Amino acid sequence: MARFLLFVALGTPFLTGQEPAPTGSLAGKVIDEATKAGIRKATVYVTIPTPPRTQGNVGQFTPPATYTVSTDESGAYRFPALPPGPVQLRTDKQGHLFIPQREQRGAVIRSGEEAKAPDLVLLKQGVIAGRVLDADGEPVERITVIAIPARRSKSSQQWQGMGQAATDDRGEYRIARLAPGTYKLLAQRQGAEFAFLTGVTPGQPLLVTAPTYFPSVLDSATAADVIVVSGEEKSGLEIRLQKTLAVTVSGRVSGNLDSLAGINITLQSAEVAKSGSRNWDIAAVRASMPHYNAMAAPDGRFTIPNVIPGEYLVLANVHRAGPGRMLGGMERVRVGQNDLDQLVIPIQPMGRITGKIVTQGSTKLQPAQLNISISSADPVFRGGGGARANEDGTFVIENVQWKRLKADPIAPPGWYLKSLAVGGQPQPGLEFDLSSGDTVIELVYSDKPGSVDVKAEGVTAESGPVIALALPDGGNGAPPLTILYRSARVLPDQGVSKIRDIPPGNYQIVVCPQTALEVLSDPAVWERVKSKAVAVKVEEGVTVSASPRLIVESDVEEK
Amino acid sequence: MWKKNSLILLFGLCAAAQRPPNPAGNAAAAVAAGNASIAGRVLDSTGAPVRRAVVTVEGESQNGRRGRAMTGDDGTFLVPQLPKGRYWISAEKTGFLRGSYRGRTPGGYGDPVTLGDDTAKSGIDITLPRQGVITGRVLDEAGEPAERVMVQAIPLRKQSTRGNFAGSAMTNDLGEFRITKLAPGNYRLLANRGQDRGEPLVERLPGKAATAEAPTYFPGALDPASASPIKVNPGEERTGAEIRLQRSTVVRVAGRLTGEIPAGRGTRVSIRPTSQEGMMRGEFMAGGREGAVGADGSFEFRNIRPGEYKLTAMSMNREGGPKTLGNQVVAVGQQDVSGVSISTAAPPKVDGRVRADGEPPFSFGSVEITLENSGFGAPSRAKTDANGVFSFPAVSRERQTVNVKTSAGVIVKSIYAAGQPLPGLEIDFSIVSGPLEIVLSNKPATITGTVEGMSPDSPRITVWAVPDGEPFTIANWSTKKVRVSPDSPTFTLDSLRPGSYRIAAYEEAESDALSDPAAWEQIKSQVVTVKVGEGETGKANLKVVAAKELEEN
């Protein structure tokens, strides 16, 4: 039997020679996702919660204790002596990815017994490597290459994330730890090119590196797919950067101020505004594109050189000493192939929301428990702000820049945000407009949300981690909204769950793996799975029942 | 259509995309530019043109003009619209070391170029040497590739201006690393795996001492003396450097503060390696480990590797920054260390007086005294009043250097602490607390001389004078320097404290090469030692030390 090495981090009074405490053991296996074979030399980490402070710890931060062993040739591991109680498990091995599957990351140690840990699953990583050359064929350093998932991976159990790497002095990059799937590669410079230029000779157009997709295209639609299979290393992927014309954007900030100096102007790609959901979206990646910054002169004028054409949000803000008010302005601008001047950004004091909490119900609610959060309802300008309620239920949110807002429906357990009034006028939903001066709102919380008892059909012990979701109905057969939802875990052997704290309304009740949630808003996917969902009407204080059928990966995949 | 041979011409101030340029910068850009220009070429060491090199032209003062241009296919550049003044020109490109106009070393500034209102200076050629590279991989104890390990290349020769390492890189998933932009020289590689919260994962087997993965030198040594240096020749790529991470024992270090402990939660103890290299390892990268002190004055540190450490007790809640209450050097071996005792006391108030020693007595105006230590916190400053009296309200109880800022022609003749003369400018305030007496003299020493062997073609050189027995650091106030140009090869070093000085004339204006005592040893035949007394003038005739002579063997 292979020898195990037991590693212990700082802060475990457990092994410092005190009386032997009761222990239990833990055994398990680490397996390969594809072959189900055991993986040798994987490191398994068991983390137990922070032990209570003892005399010996003189004020030093005590991290949770972590124990580690390595797996043997068959992929098996054993921790011979662990303190009783719940523990968290995770595993790692060079060249592999760990698939986090919630329920399976824990175990409970019992004194004098050997607990059997669920199998920990590793997936062999995929690697994409290659080189980036400029338009003249020379290698380019410090270019970020991003591998963006182009399509949902076949199995919704696999989490396919982005990976990225920077090119070295030879122009070479290596993106490791990729889940299998199809990717598109985007190469872009972090930071504006020739950022140190503040003047360009007139008559000489400036060409800068454009964000370019593999192999050498500007448009993501024509970008080549790169398919990576578990354990595969795809190398030699050469990206040839394209150039694009860069122009100068100039203008002025206008406002009722003595001096406009020090106002910070930011040009931010508006592509991010297009991607509204949490889905992987190539456009969302453009949010990581270079931002441009400039500072206004005392007369409010500013110049931003070397801007790549595209859609931008222009944001101006400055913090003025005084009653803590920030001033801001925002405009949307399209930068074309020519210099853009005469841009005017009006700037005005940011808004302020004052408000009060009103509760409906017999339960006591501590206002200090409440986090008030408002978000921009403007599809273009994103953002939000928040505050904690005071003891008396009042709150103030400063520096609100957006004109159309919505109150985020968060509430403590057992409560839901029922309605909103602005300036005394009840609003039909949770959206409202910012007024000049103070916007006075009232948020009404009720202690009678609805709930749904779910009995999921088709859930067995082998199903893996599954959740029940109450998704707001999209109406008219449209896919449900996956941004505002309530969920609860489904107990594997019985398939039951209770979803609580649901604001009244129409919902689709769905049972599926956690990772499938993101794709449900895709109309094509919804078409395939909607027969397994159950539509319910949730009312205040009422519990309804639903028996949806479990949605599995094969339902989600394209046929 | 964008022509390949065109140059990108620009004039302006540096502005990174992620940060707004400073307002002064923008305002300056609006000011009328000048009419002078600088043109030249960037070449590699074979004389071939280097295209797309970034050339930087920097003016003299803090807010001096700066221009940047990029060379075209033929390696030429032009920076126009410069107002008159002096400019230093340097060039950079991926794959090369930095070069400057008539500079001899990568860090050097080279010689400046003087422009009049309409000067069109041409022929400014800059050579870029090819970079050196070290590549390799890091394996853990089990022979598996080690990911996310930071590998640093530490030059054998000490550097005082550019930090302790010349380059670094992080290993990828294969454990591979690539360190670029290395100047020729000898390097030790140090591999260090970062841990969560700076705490190493400790292995504890029954019946054995606790061990943890330790920062390891190439090829697999825990001790810098056993590290194998890697020699990088100009432009060379050294490959295959394999580092096998080692483990070291870790022990517990505990003790107690004795003496006066100021009340309150602001007392802490820190542990830091005493050696410079020790500082670069592992959890000490951030400057040391700190722990709180218990109500009974006890403290404890876990997982400390063997070595020599300085434990410092500090009071954090102090005006003027943290102050040392006391310290203790501890040698940590393979066993736990307990019972370390740090004798502490409140930071003392130190009074002092400055007086003039001279016949006839002279007045010296307001004098600023600074106490600097190599540990924590900002230097303490005090100014003399009309009677020459000064006071420091709370002084860190540790070794500090006394720096006195006087007017020209006035030097510090001697310093007394509690009536005893100090051998140099350092006082250990954990032993002595004053009163201080600083004696000034208006008869400084002077050293004059000539530099032989300069031709009209020679770059300007720098003459350095270091007090004997003191280390050469730029930060050292006692180190003096003066520039000498070929058309006037004489020099004068004035306002010197009486004493003995080592003097050398070095070709490169930038002096990192002289930070290492080994460098002085290498050129000792060209170093002149001069002893001067109060009011005396000494003479030194020097030969120029070329940058080549300081190259490592």
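Good morning. The model before you is predicted, so local features are reported only where pLDDT is at least 70 and side-chain atom pairs only at pLDDT 80 or more, whereas totals for chains, interfaces and linings use all residues. Residues are numbered from 1 along each chain as its sequence is written, chains are lettered from A in the order in which they are written, and side-chain values use heavy atoms, with hydrogens and water left out.

Let me stay with that part of chain B. Strands here are DSSP runs of E with at least two residues, helices are runs of H or I with at least four, and both are numbered from the N terminus. Two strands are said to pair if DSSP finds at least two bridges between them. Strand 36 of chain B and strand 39 (residues 490-496) of chain B are antiparallel and are joined by five bridges. Strand 36 of chain B also runs parallel to strand 42 (residues 537-545) of chain B, with seven bridges between them. Within strand 42 of chain B, Leu542(B) is the bridge partner of Val451(B).

Why is strand 36 of chain B described as largely enclosed by the rest of the structure? Six of the eight residues in this strand, which spans residues 445-452, are buried. Buried means under 20% relative accessible area, exposed means over 50%, and partly exposed lies in between, with a 1.4 Å probe and protein chains only.

Another residue of chain B deserves a moment. Ser414(B) belongs to strand 32 (residues 411-417) of chain B, and its relative accessibility of 19% places it among the buried residues. Setting aside neighbours within four places in sequence, Ser414(B) contacts Glu437(B), Ile438(B), Val439(B) and Arg497(B), where contact means heavy atoms within 4.5 Å.

Chain A has four helices and 43 strands, and chain B has three helices and 42 strands. Of the 559 residues in chain A, 47% are buried; of the 553 in chain B, 49% are buried. In chain A, 72% of the contacts with a separation of 6 or more are between residues 24 or more positions apart. For chain B, 71% of the contacts between residues at least 6 apart in sequence join residues at least 24 apart. Chain A exposes about 25600 Å², with 51% of that supplied by carbon and sulfur atoms. These areas come from the Shrake-Rupley method with a 1.4 Å probe, and for residues only the protein chains shown count as cover.

I turn next to two sheets of chain A. Strands of a sheet pair through backbone hydrogen bonds, either parallel or antiparallel. One open sheet has three strands in the order 14-11-19, with mixed pairing. Which strands stand at its edges? They are strand 14 (172-178) and strand 19 (233-240) of chain A; each has a single partner strand, so one side of each is left without a neighbour in the sheet. Strand 11 (residues 126-133) of chain A pairs with strand 19 of chain A in the parallel sense over six bridges. Arg131(A) is opposite Glu238(A) in strand 19 of chain A.

The other open sheet has five strands in the order 22-21-24-25-27, and its pairing is antiparallel. Its edge strands are strand 22 and strand 27 (348-349) of chain A, each pairing on one side only. Strand 21 (residues 264-269) of chain A is joined to strand 22 of chain A by four bridges, and Thr266(A) faces Asn293(A) in strand 22 of chain A as its opposite residue.

Finally, the rings. Over all chains there are four aromatic pairs. Rings of Phe, Tyr and Trp (its six-membered ring) pair if their centres lie within 6.5 Å; planes under 30 degrees apart are stacked, over 60 edge-to-face, and the rest tilted. One of the pairs is Tyr77(A) with Phe79(A), edge-to-face at 5.9 Å centre to centre and 75° between the planes. Tyr77(A) is buried at 2% relative accessible area, as is Phe79(A) at 0%. Another edge-to-face pair is Tyr292(A) with Tyr312(A), whose centres are 6.0 Å apart and whose planes meet at 70°. Tyr292(A) lies in strand 22 (residues 292-295) of chain A and Tyr312(A) in strand 24 (residues 310-319) of chain A, so the pair ties together parts 20 residues apart in sequence. Thank you.
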